[in-house]
Amino acid sequence: MKIFNRFVAAAYARILCLCLGTFIAIFLVVDFLEKIGRFAGANPAYIALFFLTRIPEVICQTSAMAVLMATLLTLGMFSMSSELTAMRGCGLSLGRIAMPILVIAFSVSILNLAINEYVLPRCIVQGQYIREVLIEKKSPNLFFRQMNIWHRDDNFILKANLFDPASGQLKGITVWRMGAGMQPEQRLEAATAKIDASGWLLTDVVAREFSENNIIKTSEVASMPVALNLKATDLKVMRKFSDNMGIRELAAYCEKLRKGGYDPTRYLAQMHGRISLAFAPLVMAFLGVPFAVRGSRSSGIALGISASLGIGFSFFVLNSIVLSFGQAGVLSPVISAWSTNGIFLMIGIWFALKAEN
């Protein structure tokens, strides 16, 4: 059986690497053609580095479809060469034939989890810096760290606990106005800040005036404009800031939001969605094995390519729709994240039962 396992695993691994490499190449070429206008005149080395940082994200997004296509193509070619018939004739069950494929698919899922936790957040941060600062020559004065946003503008220093992309607001604001020798002259604490035509408008403000490091006046106002040179285009760097975190960091961030009185539903759905998507390759392999066995001997490669594209597209469309319900709070984050995997797993079980009969 060791020889049989190595034979199936080697054939499957070769096709899986070919499928995954093809998807990565197609994705990067399309992404390059889309961005070539904005990258015109930039240093080619920076452009190459930017697309290099995109590879982990592409692997996470396309590995499920690559596993499905590799499963269908491998078993399809076994069927065309009558090797699958010989395996079944030797008394091997469908589950035994599929065991090396499922083990590799499970390994891909674990690899996806590791990439999501340790590699992808760092690559996204590096890619954003390369694109925003080195290629598009935007200001590097805006810094984003895991839990806090800092921005320095002449004699103003801003700190915000959260940027909400949905409302375009900064929340949990503290603004210092510094004088000569970087001595604080004024400190503003505000619940929210939103940009308008005249600049940033702080709401629910507590203002404290300083003189020689002593508070000389404290006042509360409903709103106050602040002339910060912080543009809405700069804040686009933070629109996907949840992607900059690993799964554990995202879980801690959701807990921070909950303790701060904010609704973490959107980010809980993203966290569970990231975990469920990592295990999509295992689900696709489980679905692909009985589906490939149902095909005829003459339709191995054609069936593999067309069926994997159709099933994979349906999976991602359905997953995106259901996950959006979870982010909006219509469904539980856990249910919205795992329901698509559950649906396709049930379809795979049904195909497997039919194939064994």
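The structure is a predicted model, in which local features need pLDDT of at least 70 and side-chain atom pairs count only at pLDDT 80 or more, while totals for chains, interfaces and linings use all residues. Residues are numbered from 1 along each chain as its sequence is written, and side-chain values use heavy atoms, with hydrogens and water left out.

The average pLDDT of the protein is 84, and 89% of the residues score at least 70. Over residues 236-240 pLDDT stays under 50, and the model has 8 contacts beyond four places in sequence for them; a contact means heavy atoms within 4.5 Å. Where pLDDT is low, the predicted coordinates should not be read in detail.

The secondary structure comprises 10 helices and 7 strands. Of the 357 residues, 45% count as buried, where buried means under 20% relative accessible area, exposed over 50%, and partly exposed in between (1.4 Å probe, protein chains only).

The largest nonpolar core has 43 residues, of which Leu 16, Met 87 and Met 284 touch the most other members. Such a core is a set of buried Ala, Val, Leu, Ile, Met, Phe, Trp, Tyr and Cys residues joined through side-chain atoms within 4.5 Å. Helix 2 supplies the largest share of this core, 11 residues. Leaving aside neighbours within four places in sequence, Met 87 is in contact with Phe 4, Phe 7, Val 8, Phe 78, Leu 92 and Ile 97. Another core, of 19 residues, lies apart from the largest one and includes Phe 163, Val 175, Ala 207 and Leu 228.

His 272 is located in helix 7 (residues 265-278). This histidine counts as buried because its relative accessibility is 18%. Not counting residues up to four places away in sequence, His 272 touches Pro 333, Val 334, Ala 337 and Trp 338.

Ile 335 belongs to helix 10 (residues 333-356). With a relative accessible area of 51%, Ile 335 is exposed.

Note on methods: pLDDT = per-residue confidence, 0-100. Helix = DSSP H or I, 4+ residues; strand = E, 2+ residues; numbered from the N terminus.
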